[in-house]
Structure formats: structure tokens, C-alpha cells
Amino acid sequence: MTTMEKVCGIILKIKKKDISAADLKLEASLVDDLKLDSLDFAEMLVLAEEAFSIEIPLDDANRLTTIGAAVEYFDKRIAG
Amino acid sequence: MPEGQFHIVPVDVTNAHHVGTVFRSIYGEDFPVRDVYEPGTLCREIESGRLISLLAFDMNGQTAGYASMYKTAPNPRLWEAGNLAVVPAYKYTDISLRLIRFLFNFAANSITIIDGIFVEAVCSHYFTQVNAVKNGMVDCALELDQLDGESFKDERNNKAGTARVSCALYFRELTDLSEAEFVPARYNEILRQIAGSLRPRILFPSIDSLPTDEKTILEEKYYASARTWKTAIQAIGSDWTVVVEDILDKAGQRQVMSLQVTVNMACPHIGSAVDLLRKKGFFFGGMFPRWFGTDGLLMQKLFGSEREYEKIKLYTPFSRELLAFIKSDCEAVRGV
């Protein structure tokens with residue numbers, strides 16, 4: 001499974017009632033387009049830590065602005 | 001999570017009326033802690049040293065959020081962080097993270113004697129648990145079915161869909177504990193695991209039978225709206241059996257759903273006291289560090305329907321291990 005698929009899977013799991021797979025584009029803003037609030041971000045962090053086997057500092061949440069930015073962040077973290 | 005521009009300040013007589021604004025924007029007039037709507041009470045609590053509270057404003061001066069610390073434990077040097085609230089218009093910003101961080105730093109710099117800070121994180125979402133762990137707190141106890149799910153105005157807070165909401169107790173210890181403590185043999189391993197994340201402790205096995213003379217010393221807090229009753233046993237006396245019967249009678253009269261008995265681990269008789277509690281249907285909950293100055297051992301008994309363990313959201317692997325232990329102790333007590 002690619003990083004993009006994992007990220008989209010996580011977002012769909014969190015927002016399953018509010019969005020569809022068609023909303024999941026690289027440029028989609030997590031806040032403005034997908035409406036992730038602070039509780040959703042916490043859940044995304046928990047699921048992403050599990051999916052990518054990494055620890056995510058709270059401050060890094062500010063870097064996860066779009067799906068593309070999230071994919072780039074996780075790819076960099078996995079690469080070490 | 002977008003970084004907003006905010007200004008965080010301590011609550012004082014000039015801005016205390018804004019606290020009610022925050023809570024009204026989420027709960028209307030229904031938030032159960034009534035003090036938040038009463039600026040005079042808030043200021044008196046702050047002046048008396050029982051409350052530390054902060055308000056966040058945006059760059060236009062609009063009220064954005066609130067966070068506080070207060071004293072709820074028998075130990076006056078222990079603070080609970082809670083009542084974090086964010087005005088809905090700002091829920092897509094990082095203001096809650098900033099309020100928590102500011103609060104912890106503010107407390108560390110403004111309180112001279114503080115044994116520790118704890119948080120009771122609801123387990124219907126991960127937000128508070130994640131923030132607690134990332135701010136250096138460790139998980140010490142699980143209070144099953146502690147809150148009434150109906151009381152959450154925002155249905156997202158009760159995503160688990162349960163009638164009751166469990167809480168995880170997270171703790172950050174700030175002073176050393178010098179007094180020796182006692183642990184019941186059956187909980188020796190799990191209590192040592194919990195203690196292993198705290199400052200060093202001296203733990204002896206509790207082998208004493210119940211005392212023959214002293215009197216039990218008990219403090220209690222009853223939360224009628226949640227139907228939760230918390231008792232703190234400072235000392236165990238020869239009347240322990242009668243005290244436990246009395247607690248159970250009163251719990252029945254009050255139609256309590258969640259009954260918690262926290263026993264001082266400085267009591268050498270704690271093993272016998274816990275054996276009696278287990279015979280009466282109480283099971284393990286965890287450790288309340290520094291609850292009495294010394295630690296407390298949480299025993300709990302539930303009166304509602306069957307637990308929905310799988311719906312309890314837990315962030316850390318240890319909290320999931322703790323839940324598995326609690327579940328197995330609950331079943332052992334019930335003879336399942």
C-alpha cells in the first residue's frame with residue numbers, strides 16, 4: 001500500500017460519514033475541504049503513528065495542511 | 001492543523017466574564033461546572049489559590065478558548081487540568097494544543113509547591129490522551145463508565161455511542177515520594193508496572209490483617225449529574241467491613257452507576273481491605289499517584305449494563321494492557 005493510500009484510508013476512516021473517496025485529492029486541504037477539526041487531527045495522529053510505525057510530535061501537526069503535504073511528511077519520516 | 005494567532009492570558013477580574021462566553025458558545029447554560037458562568041466565584045477561587053485559569057483571544061479580541069487547573073484530590077498539592085473549551089469557530093485551529101502547553105508551563109512557574117498534575121481524559125476520543133502523553137504524562141488508571149454520555153452536548157465527544165464514558169487518568173509527577181507504601185499481593189505486578197513510569201518508590205507487600213482499633217477516615221465526592229460517587233480512604237480502621245457495607249447501601253439509595261473507592265497505599269492493611277472490596281464486587285482500576293500525598297489504589301464497582309470494552313478508545317499500548325488486566329479482574333470478581 002502506498003503512503004497516499006494509507007493517508008487516504010486514515011482520513012476516510014475518520015470522516016467516513018462526511019466525505020467520499022472522490023474528495024481525496026493531493027491538493028485537498030485537511031481543514032477547509034475535508035473539515036478535520038482538532039479531535040480529528042488527534043485521531044489521524046494516532047492512526048498514522050500506528051500505520052507508519054513512527055512517533056509524531058504535536059508540533060508537526062501544523063505541517064499536515066493538505067493530503068499532499070501529509071504524504072510528503074510521512075514519506076520523509078519513513079525515509080528517516 | 002493551521003497555526004492561528006492567539007493571545008493567552010490568565011483570568012482576572014477584568015476578563016472573567018469572558019469565561020461564560022466560551023462555555024455558552026458550546027453548551028448554552030448547561031455546562032455542569034456552574035462556576036464558569038459566575039465571574040465573581042471564578043475570581044474568588046483564583047485569589048484563594050484553588051484555581052488557575054487561562055483565556056485565549058484571537059487578534060481581534062474575540063474570545064477563543066479556556067483552560068484551567070483546580071484542586072479535586074485530598075492532597076492539596078495535586079492539581080487537575082481540565083475544563084478545556086474552544087469556541088466552535090476556532091475548532092479547526094491549534095488553539096487547544098497551545099492552551100494546554102501554556103497551562104502546564106504557567107502552572108510550573110506560578111505554583112511553588114506542586115506534587116503533580118493529572119488529567120482525566122475521556123476515552124470516547126483520543127484528543128486529551130494524545131495531548132497528555134505528548135506533554136510528558138503517563139497513564140495510571142482507567143475509570144470505567146465514569147461519565148454520563150448523555151451529558152455531552154457535542155455528540156462527537158461521545159462518538160463511541162455508549163451510554164457511559166470511561167476516563168483514563170494521566171499523571172505527571174513533580175516531586176519525590178519518600179514514604180514507603182504497601183501493595184496487595186494480587187496487584188503487585190501491575191502496580192509496579194504503573195509505578196515504573198513515575199519517580200522511584202518503595203513498595204512493600206501488604207501482609208497485615210485489618211486493624212483492631214483505629215477508625216476508617218474517609219472523604220467523599222458525589223457527582224449527582226453523572227451518578228458517580230468517589231470515596232477516598234485516607235486510613236483503614238477496625239470498622240472497615242461496616243464502612244464498606246455503608247458505602248454500598250448509600251450507593252444503592254443514590255442509584256449510583258459508577259462507585260470508586262481509592263485506598264491510601266500508605267496503609268499497611270491495604271491487602272486485607274482490598275480483599276474485602278473484591279468480595280463485594282469491586283475490581284481494580286489503577287493507581288492515583290500522590291492522591292493523599294502518598295499514592296492511592298483505585299477499586300471500582302459498576303451498577304449499569306454490561307461494559308462495552310471494545311468501544312473504549314485508548315492511545316498507548318500500556319493503557320490497552322491496563323484495560324485487559326481490569327477486564328480480567330472484573331470477570332474474576334464476578335466469577336465469570
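These legends describe close-up views of a predicted model.

**View 1. The two domains of chain B.** Chain B is split into domain 1 (6–173) and domain 2 (181–334). The C-alpha centres of domain 1 and domain 2 of chain B are 25 Å apart. Where the domains touch, 35 residues of domain 1 of chain B are in contact with 40 residues of domain 2 of chain B. On the domain 1 side of this contact, α4, β6 (138–148) and β7 of chain B each supply at least two residues. β6(B) gives the most to that side, with 11 residues. By class, the domain 1 side has 18 nonpolar, 10 polar and 7 charged residues.

**View 2. Helix α4 of chain B.** Helix α4 (residues 127–134) of chain B is mostly covered, with 8 of its 8 residues buried. Among these buried residues are F127(B), V130(B) and K134(B). The buried residues of α4(B) pack against α3 (95–110), β5 (116–122) and β7 (164–173) of chain B, and also against α2 (38–52) of chain A. Just after α4(B), G136(B) has a positive phi of about 85°.

**View 3. The contact between chains A and B.** Chain A brings 13 residues to the contact and chain B brings 15 residues. The chain A side that touches chain B consists of 9 nonpolar, 2 polar and 2 charged residues.

**View 4. Strands β13 and β14 of chain B.** Strand β13 (residues 283–288) of chain B is largely enclosed by the rest of the structure, because 6 of its 6 residues are buried. β13(B) pairs with strand β14 (residues 296–302) of chain B in the antiparallel sense, over 5 bridges. F283(B) has Q300(B) in β14(B) as its bridge partner.

Definitions and conventions:
Residues are numbered from 1 along each chain as its sequence is written. Chains are lettered from A and ligands numbered from 1 in the order in which they are written. This is a predicted model: local features need pLDDT of at least 70, side-chain atom pairs count only at pLDDT 80 or more; totals for chains, interfaces and linings use all residues. Two residues are in contact if their C-beta atoms, placed from the backbone, lie within 7 Å. Ala, Val, Leu, Ile, Met, Phe, Trp, Tyr, Cys and Pro count as nonpolar, Asp, Glu, Lys and Arg as charged, and the others, Gly among them, as polar. A residue is buried if 20 or more other C-beta atoms lie within 10 Å of its own, exposed if 12 or fewer, and partly exposed in between; C-beta atoms are placed from the backbone. Helices (H or I, at least four residues) and strands (E, at least two) are DSSP runs, numbered from the N terminus. Two strands pair if DSSP finds at least two bridges between them. Domain bounds come from an automatic or database domain assignment.
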